[in-house]
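Please open the model in your viewer and keep a selection panel at hand.

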Amino acid sequence: IALLTMRSGITPHSDGVSYWSAAREVNRGHFTSSGLIPAFSDLDLRSIIESGRAPFVDFPIGYPWLVGILAFAVGVIGAQFVVEVAATAAIAALIVRGPSRPESFRQLIVRSLCAWVAIGVPIAVQVRQGGLPEPPFAAGLLLFCIVAARLRRTRSTADLMWLAALGGSIGLLRFVGLPLVVIVVVEGIRSTGSRCRAAIAGVMCALPGLVNAVLANRVTGRQIHIMDRGWIDLKFAGTSFAGWFISWNTTVSDILDAGWHTPLPFYAIAFATSAVIVLGVARWVRNRNPSDATLPLAVAGALFGALIITMIMYDALAKFEPRMLYPAGVMVIASFAWTRVPIQQHTIRVMVAAAWVVIAASPTTWGAPRFDADPVRSQILTDAGARVVIGNAADLAHYQTGIPAAYFPTATYIHSGIARDRDDVMTDLPCRLRQADGVVLLDPAGFPDGWAIDVLERQLNEGRWERTTTAGYTLYTPSD
């Protein structure tokens, strides 16, 4: 399935370009840098103008490290492809293997069909094709559950430390993995009976991701800020859950349209799935020796808790969107696959899993879009001798040419909604770009930015820019 859906290679998502850029810098020996400041970043674009690199602080550093180190052997794009395919294979294999081997052939079929759903639903295909960290993150969570189940049986300190190290590594792939420390500590106390060893394991688990998050926050200066969340979050939640049961293309526009026109069935699905997770977490908390199938639900609950806290207090961009919920969805599927039932119910479970594959993970939805680079974009930047690009499609320019790039500054810090002063940045932009051999490129494929265009046109009238237009592209070159 992974090879079939990625037959056209990586098709970069906007976040995927950020990960690609950071992995490229890791491959060059710069382990905390990126050549791109994305549209939603709180960073000052002057940092990339001055050095050609910016701190990589908008995402955890684990995925770029993984890809960047592997890139020494196969290149960055090849490394992303290998990581995504290997992670997809790991998700399927770990769901089939489970904490214990299948007890019967029918149980094996159920687990195999569940694995198909986990890697074949549209959002799974999209994150894989986009070169995003969700597949390795989900694979890591499954392995975490299996190691936690083994810890219950062995009660070994070595297994506890292995679980903590695994949890720490997962926290470097996505910050929402940080709450795994709670599961490490609780399972450590239950299994070893030692609060001291459990506390040490908890510190080991939390430290890598926590250090990454704190250092990134020091660079951006992001503050805790209570967000005004609206109806849109419920619409995202309902349709995101429904994407696991309907074969459709879960783009943002589809989510909004579907959530507005047919909300009730989707919200019912969201409520039922959430109830399953809550009940699973409750069983894990109250039962000192819960079944292995409750572990994935406990992990899903931890992810949900982290996402909700992030949405309310820290990040206005965080939503119950399909990509954010994909790892939790894999956990729910794993719980269903690993649940032990009487043998007479195996046939019913096979039928349910088979129907799930048909309605949610049909191969007819497995498109393989190809990234088509516009040669005009490359030619314009090459002819201009640009060493830095500022514009409204910075990720496309950077991915196609490798030239360091940044978006125009926004009116507010996107993650918090707090106002920012961007006039000062634009005032001295022509001078800074002239010193750095940089240009401004307005791309027809980019986001419209009326404020930036107005500023550029005013500065053009003042004689600070020279403007040329080619095939819909507008290039601003600093005047001498």
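Which helix gives the most to the lining of the largest cavity? Helix 16 does, with 5 residues. Before making the selection, note that this is a predicted model, in which local features need pLDDT of at least 70 and side-chain atom pairs count only at pLDDT 80 or more, while totals for chains, interfaces and linings use all residues. Residues are numbered from 1 along each chain as its sequence is written, and side-chain values use heavy atoms, with hydrogens and water left out.

**Stop 1: the largest cavity**

Select Glu134, Phe137, Arg174, Val176, Leu303, Phe304, Leu307, Arg323, Met324, Leu325, Pro327 and Ala328, which line the largest cavity. Two or more of the lining residues come from each of helix 8 (134–154), helix 15 (294–313) and helix 16 (322–338). Helices (H or I, at least four residues) and strands (E, at least two) are DSSP runs, numbered from the N terminus. The volume of this cavity is about 110 Å³. A cavity is a set of points, on a 1 Å grid over the protein atoms alone, where a 1.4 Å probe fits but cannot get out; lining residues have an atom within 4 Å of a point. Grid points are joined across faces, edges and corners, and a volume is the space filled by probe spheres set on the points.

Colour the selection by class: 9 residues are nonpolar, none is polar and 3 are charged. Here Ala, Val, Leu, Ile, Met, Phe, Trp, Tyr, Cys and Pro count as nonpolar, Asp, Glu, Lys and Arg as charged, and the others, Gly among them, as polar.

**Stop 2: the second largest cavity**

How many cavities of 30 Å³ or more does a search of the whole structure find? There are 4. The space they line has a volume of about 60 Å³. Its lining has 8 nonpolar, 2 polar and 1 charged residues.

**Stop 3: the second largest pocket**

Next, centre the view on Val276, Leu297, Val332, Ser335 and Phe336, which lie nearest the centre of the second largest pocket among its 33 lining residues. Helix 6 (105–120), helix 14 (263–286), helix 15, helix 16 and helix 17 (346–360) each give two or more residues to this lining. A pocket is an open set of grid points with protein on both sides within 12 Å along at least five of seven lines. This one holds about 610 Å³ of space. Its lining comprises 20 nonpolar, 9 polar and 4 charged residues.

**Stop 4: Arg197**

Select Arg197, in helix 11 (residues 195–220). Is Arg197 buried or partly exposed? Arg197 is partly exposed, at 33% relative accessible area; buried means under 20%, exposed over 50%, and partly exposed in between (1.4 Å probe, protein chains only). Show its contacts (heavy atoms within 4.5 Å): residues up to four places away in sequence aside, Arg197 touches Thr157, Leu160, Met161 and Thr192. The side chains of Arg197 and Thr157 are joined by a polar contact of 2.7 Å. A polar contact is a pair of N or O atoms within 3.5 Å; within protein, one must be able to donate a hydrogen and the other to accept it, and residues adjacent in sequence count only if both atoms are side-chain atoms.

**Stop 5: two positive phi values**

Go to Arg155, in the loop between helix 8 and helix 9 (157–171). Phi of Arg155 is near 50°, a positive value in a residue other than glycine. Asp437 has a positive phi too, of about 55°, and lies in the loop between helix 21 (429–436) and strand 6 (438–442).

**Stop 6**

Select Thr88 in helix 5 (residues 76–97). Thr88 is buried, at 2% relative accessibility. A polar atom of its side chain lies 2.8 Å from the backbone oxygen of Glu84.

Finish at Asp443, in the loop between strand 6 and helix 22 (450–461). Asp443 counts as buried, at 5% relative accessibility. A polar atom of the Asp443 side chain lies 2.8 Å from the backbone nitrogen of Ala445. Beyond four places in sequence, Asp443 touches Arg377, Asn392, Ala393 and Tyr473.
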